Amino acid sequence: MNLDKILAISGKPGLYALKVQTRTGFVAESLVDGKKITVGLRSNVSLLSEISMYTYTEEKPLAEVMRSIAKKENNGPTPAFKDDKAALSTYFVEILPDYDQERVYASDIKKVLNWYNILQGKGLVSSEEPVAAKEAKAEKAAAPAEAKPAKAPKAAAPKNAGMAAAKKAPAQKATKSTKK
């Protein structure tokens with residue numbers, strides 16, 4: 001699951017895919033209805049790849065939370081929760097058992113579940129860990145430190161190379177005269 005170009009824009013419902021960066025902002029396409037909008041630099045925009053959920057021990061990236069939801073739901077949509085905070089809390093405990101219940105509000109849980117359903121509808125959610133992340137973890141564990149290759153020696157420049165360039169450059173003319 002790649003959340004690098006998926007955006008949440010403050011004041012706008014749903015999620016957006018980053019399409020093109022412009023001089024004054026960027027163009028984003030809605031994942032809900034496919035409409036393109038221009039967003040200025042003053043708008044409050046969050047990349048989903050940068051969002052984390054509070055737990056008692058650390059912050060969990062949103063991609064990991066989405067993967068946990070996908071595993072629980074077998075890559076299907078989540079059930080619809082209305083305003084029942086207790087049901088939301090018990091459902092989220094199954095997904096992320098150690099989430100910080102004082103700092104993660106019911107509105108945050110609703111938002112994450114809504115985002116999951118939007119991404120799942122577009123086929124952007126997977127319960128499997130990305131292959132690149134698995135390989136990176138395996139390489140990190142296998143090879144703690146590798147030696148850097150030796151640098152090739154620099155080629156020596158001719159001794160008079162700088163003088164030849166200086167002789168070819170024309171002299172600058174004085175713009176003001178100090179004589180009177």
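Visitor: Which residue in β4 is the bridge partner of glycine 25?
Guide: In β4, glycine 40 is the bridge partner of glycine 25. This is a predicted model, in which local features need pLDDT of at least 70 and side-chain atom pairs count only at pLDDT 80 or more, while totals for chains, interfaces and linings use all residues. Residues are numbered from 1 along each chain as its sequence is written, and side-chain values use heavy atoms, with hydrogens and water left out.

Visitor: What makes β3 and β4 a pair, and how many bridges join them?
Guide: Two strands pair if DSSP finds at least two bridges between them, and strands themselves are DSSP runs of E with at least two residues, just as helices are runs of H or I with at least four, numbered from the N terminus. Strand β3 (residues 25-30) and β4 are joined by five bridges and run antiparallel, so they count as a pair under that rule. In their hairpin, which has five residues between the strands, glycine 34 takes a positive phi near 80°.

Visitor: Which strands are called edge strands, and why?
Guide: The open sheet has five strands in the order β4-β3-β2-β1-β5, with antiparallel pairing. β4 (36-40) and β5 are the edge strands, as each pairs on one side only. Within the sheet, β2 is joined to β3 by five bridges, tyrosine 16 stands opposite serine 30 in β3, and the hairpin of β2 and β3 has three residues between the strands.

Visitor: Why is α1 called roughly perpendicular to α2?
Guide: Helix α1 (residues 62-73) and helix α2 (residues 85-95) pack at an angle of about 100°, with their axes 9 Å apart. Axes are lines fitted to C-alpha atoms, for helices over the stretch in contact, and angles run from 0 to 180 degrees between N-to-C directions. Angles under 35 degrees count as roughly parallel, over 145 as roughly antiparallel, 65 to 115 as roughly perpendicular and the rest as oblique, so α1 is roughly perpendicular to α2.

Visitor: What makes the largest pocket a pocket, and how much space lies in it?
Guide: On a 1 Å grid over the protein atoms alone, a pocket is an open set of points with protein on both sides within 12 Å along at least five of seven lines, whereas in a cavity a 1.4 Å probe fits but cannot get out; lining residues have an atom within 4 Å of a point. About 420 Å³ of space lies in the largest pocket, and of the 21 residues that line it, the closest to its centre are Ala8, Ile51, Asp108, Lys111 and Trp115. α3 gives the most to this lining, with five residues.

Technical notes:
Grid points are joined across faces, edges and corners, and a volume is the space filled by probe spheres set on the points.
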